[in-house]
Structure formats: C-alpha cells, structure tokens
Amino acid sequence: MTLLVTGGRVLRPDLTVERADVRVDDDGRIDAVGALERRETDQTLDASGGIVLPGLVNAHGHAAMTLLRGYADDKPLDAWLQEDVWPIEGVLTPEDVGAGARLAAVEMIRSGTTAFADMYFHVGTVAEAVADAGLRARLGHGVVTVGKDDEAARADFAESLAVAEEYDGAADGRVTTAVMPHAPHTVDTDLLAEFVPKAHEAGVPLHFHFNETAEYVEAIDEEAGVRPGAYADDLGMLADDTWVAHGVHLDDAEIDLLAERDVAVVHCPASNMKLASGMAPVQRLRDAGVTVALGTDGAASNNDLDLFDEARDAAMLGKLAVDDASAVPAEAAVEMATRGGAEALGLPVGRIEAGAPADLAVVDFDAPHLTPEHDPVSHLAYAARGSDVRHTVCDGRVLMRDREVLTLDADAVKREAAERARDAVDRAS
Ligand SMILES: N[C@@H](CCSC[C@H]1O[C@@H](n2cnc3c(=O)[nH]cnc32)[C@H](O)[C@@H]1O)C(=O)O
Ligand SMILES: [Zn+2]
C-alpha cells in the first residue's frame, strides 16, 4: 500500500527540520521526501503541526519483562536478579513471554519506537508478537550458564545459536537475530570459545551485557586476571557486528578497543540510575568514534519503554557524569535514539531519506510542554514524551493512527498481560 505523510515537518539525516511530505511506496520504502506533487496514494497520514522522525530504535531490552514492571524495585543488579527476577522468570511459560512482549509492543508503538533488540527466552513467542505488532526487531535467546551442569549449559548456548538461525528473516524479514550470551562472566569460557566462532560462521552477530557494574568487571578480573575488554576480545566477541549493552565501567583502553573493533554500545541511563550501576562515559565514547545507541533495558529496571525518556536521561546523565553541561547535547541524544540504534543493530533504518524503509514516528508538537518552539531538536531531546507521538509507521505500514494502535488490541493485550503477571507471581511464591 502506498502512503503519504502530509503537512508536517521532517527531521532530516543532518538533524535539520524542514517542511516536507514523505511518500512511501508499495514495497514499504520511502520513495520521496520534500514538497511533493499531489499524487494518489492508498493512505494518508496527517502530520500537520507535527514532526516526522525516523522511528526510534530501542537497542537493548527484555520486552517480556513488562510483566515484572514494579515487581521488585530499589535493589542493586545482582540481588535484584538473583532474589527476585530469576526466580519468577523460572516460572514464565512461552505464552506469558508472548503476552509480555505484546504489551511491550503496544507500549513501544505508542511511544514511537519501531525497532528493538531483545534478549530473552521462549523467543518464538516474542517473534510472533513482533510479527503481529508489525514492528522490526533483532531477537536472541539469552544464555546464562552459571549454576547449570555441563550438559544444560551447552544446551542453553546451542539453543541460542539454533534460535538465531531459525528466526532470522521471520515476520517478512522484519525479524533478524543475534546470539546473546548474557554477559562475559555469566557464561562459561569454554562455551564462549566454542560457540562464538560458530556464531561468526553462521553470520550471526553477538550481543551481551558488558561492564554494566563494577562487580561485572571484578568478576572477570578474578576469573581471568584481565579487563573484560581484553577477555572478550581474546574470545572473538568484539566483532564489527557485535553490539554491547551498558558499557558503564570502561577504562581508556577498552574505549579505544571498542572504537577499533567497531563495536557499538547501548547506553541504558534509566536502568543504570535505578540499579545504581554507575554513569557510562557517553561523551568519551562518542569522542572516540564509538557508535552509541539507547536502550530502555527491561521494564522492570526502568520502569517504562519510552525512548524519549531515555534520550532525556542520556543527555542529563551524560553531563552529570563529566561535570560538563555541554556534554551529550540534544543533537547527540536524538541521534543515539535514531541512527545510533539503527547502526548498532545493523538495520537500514534511522534516517528519513528515499530508499530507506519507511519506519516513522509523527510527534504532535501542539502541546503546552512543547510551546514555544525555539529549537525542535531541543524539544525532541528534552521536552517531548512518548505520549506526544500521534502516528507510528513501520516498514510502510501504519501501526498507530491518531494514537490508536491498529495492529494489536491494546485493551486485550493489557488485560492478558496483567492476568498472566498476577498468575506468575502466585506460582513463583
Ligand atoms: N537463558 C537464561 C535467560 C537469559 S535472558 C536475559 C536475562 O537478562 C536479565 N536482565 C534484565 N536486565 C538486566 C540487566 O540490566 N543486567 C543483566 N541482566 C539483566 C533478564 O532478567 C533475563 O533473565 C536463563 O536460563 O536464565
Ligand atoms: Zn539488560
């Protein structure tokens, strides 16, 4: 179906904003941007009073953790995972994970996110949710081998590779995959040595939590006597299609290494603040030439999936981290939420230009908190909210029109997720 997004202003790849229409071809790609002659299209979206952005990219998360939103707060990462999260995750069924992922999809569509990365389990039901929602995603099965016997550990890693091969190209190509060892220290070294080359052979990227807390760094120091950067590099984990989450506790050599290996870092400021993990060196990473993307992480450590929040948090925390108000300016935050995420995930999105897939969010600027408008990019980084998104388009298909999600029944999705979450809590206790 052809589509015309008309009457709005468009955020161009150079982050200027200009009055323009966006025409989308039958194949879901942007066909023209500018002052377009009227030509019949199957559908139109009214963007007047709004700004058309590339759909936002949530480059690290655990979608089904929407079920655990508010379940356990105010704890540091290790205690939170071991005492609360992992026990209840142990009782989640594929249907629970699917319901949580659909809730995440509704939340993301409503706040202008069109692509996301997901590390979880029962990935088949996550892929189904992505297919139904009309979103784009890079999915993977998270591998944790600590506390498992050899056979179970190996089976978990083998599953990650099998899942990556099985679902790559699902949802008409909108689903791509990755092999996702949870973190360098939660996966056995021998298994990393065995499976990382297999992932490379299969052409599947790697994604993992990296230097999220000081404890994560210490764990590798104790185990191997080196920094996690050197450890991961030795195992071949820092390939140019690898993207890592967090990168909070990085030394200079690790920052240089990430730049040299062309490994992207997903900054998750809300999760890092909530779990008191630390402040990532975002400005230094960007100065070193590292691609930085944004992620919400799971809804249980955020507690929402609104990337506008994340962009604002990234700009704010980036300044506080280096005691410099000019660090991580508005443009950087907007770029990380769009192009940075697309580059991290290796997706051909993140910019509005002819030939690119039509993944778009139309933000309504007619709101008191967006008035007056001195600088639209400032508003996008600092003042806009997910709820200002009026229309969302992915791969040329309208997923939300005038704040109504079209691909999923939002009320039914909420109801099912709430019921399943309550049930899971009962089973876990
Ligand atoms: N197959 C594994 C599951 C790994 S999925 C990825 C895991 O990352 C967990 N997780 C969520 N947020 C974070 C974080 O910030 N740091 C580390 N792990 C997290 C999440 O709860 C989930 O258990 C198993 O059998 O346990
Ligand atoms: Zn995470």
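**View 1. N211 sits in the loop between β13 (207-210) and α6 (214-224).** Helices here are DSSP runs of H or I with at least four residues, strands are E runs of at least two, and both are numbered from the N terminus. N211 has a positive phi of about 50°, although it is not a glycine. Everything in these views comes from a predicted model, where local features need pLDDT of at least 70, side-chain atom pairs count only at pLDDT 80 or more, and totals for chains, interfaces and linings use all residues. Residues are numbered from 1 along each chain as its sequence is written, chains are lettered from A and ligands numbered from 1 in the order in which they are written, and side-chain values use heavy atoms, with hydrogens and water left out. The chain averages a pLDDT (the predictor's confidence in each residue, from 0 to 100) of 98, and 100% of the residues score at least 70.

**View 2. Two cis peptide bonds turn up in loops.** One runs from N302 to N303, with omega near 5°. You'll find N303 in the loop between β16 (292-294) and α11 (307-322). Another cis bond joins T371 and P372, this time with omega about -5°. P372 belongs to the loop between β17 (360-364) and α13 (376-383).

**View 3. Four strands line up as an open sheet in the order β5-β4-β1-β6.** Strands of a sheet pair through backbone hydrogen bonds, either parallel or antiparallel. The pairing in this sheet is mixed; two strands count as paired if DSSP finds at least two bridges between them. At the edges are β5 (30-34) and β6 (43-46), each pairing on one side only. On average, neighbouring strands are turned by 15° against each other, ignoring direction.

**View 4. Zoom in on the strand pairs of that sheet.** β1 (residues 3-6) and β6 go parallel over four bridges, and V5 stands opposite L45 in β6. β4 (residues 21-24) and β5 go antiparallel over four bridges, with R23 opposite A32 in β5. The hairpin of β4 and β5 has five residues between the strands, and G28 there takes a positive phi near 85°.

**View 5. Helices α4 (residues 150-167) and α5 (residues 189-201) pack at an angle of about 15°, their axes 11 Å apart.** Axes are lines fitted to C-alpha atoms, for helices over the stretch in contact, and angles run from 0 to 180 degrees between N-to-C directions. That makes α4 and α5 roughly parallel to each other (under 35 degrees is roughly parallel, over 145 roughly antiparallel, 65 to 115 roughly perpendicular, and the rest oblique). In contact (heavy atoms within 4.5 Å) are A153, R154, F157, A158 and L161 of α4 with L191, L192, E194, F195, K198 and A199 of α5.

**View 6. Helices α2 (residues 94-110) and α3 (residues 123-133) cross at roughly 35°, with axes coming within 8 Å.** This crossing is right-handed too. From α2, the residues touching are P94, V97, G98, A101, R102, A105 and I109, and from α3 they are T125, V126, A129 and A133. Sorted by class, that's eight nonpolar, two polar and one charged (Ala, Val, Leu, Ile, Met, Phe, Trp, Tyr, Cys and Pro count as nonpolar, Asp, Glu, Lys and Arg as charged, and the others, Gly among them, as polar).

Technical notes: Left-handed = near helix turned anticlockwise from the far one by under 90°.
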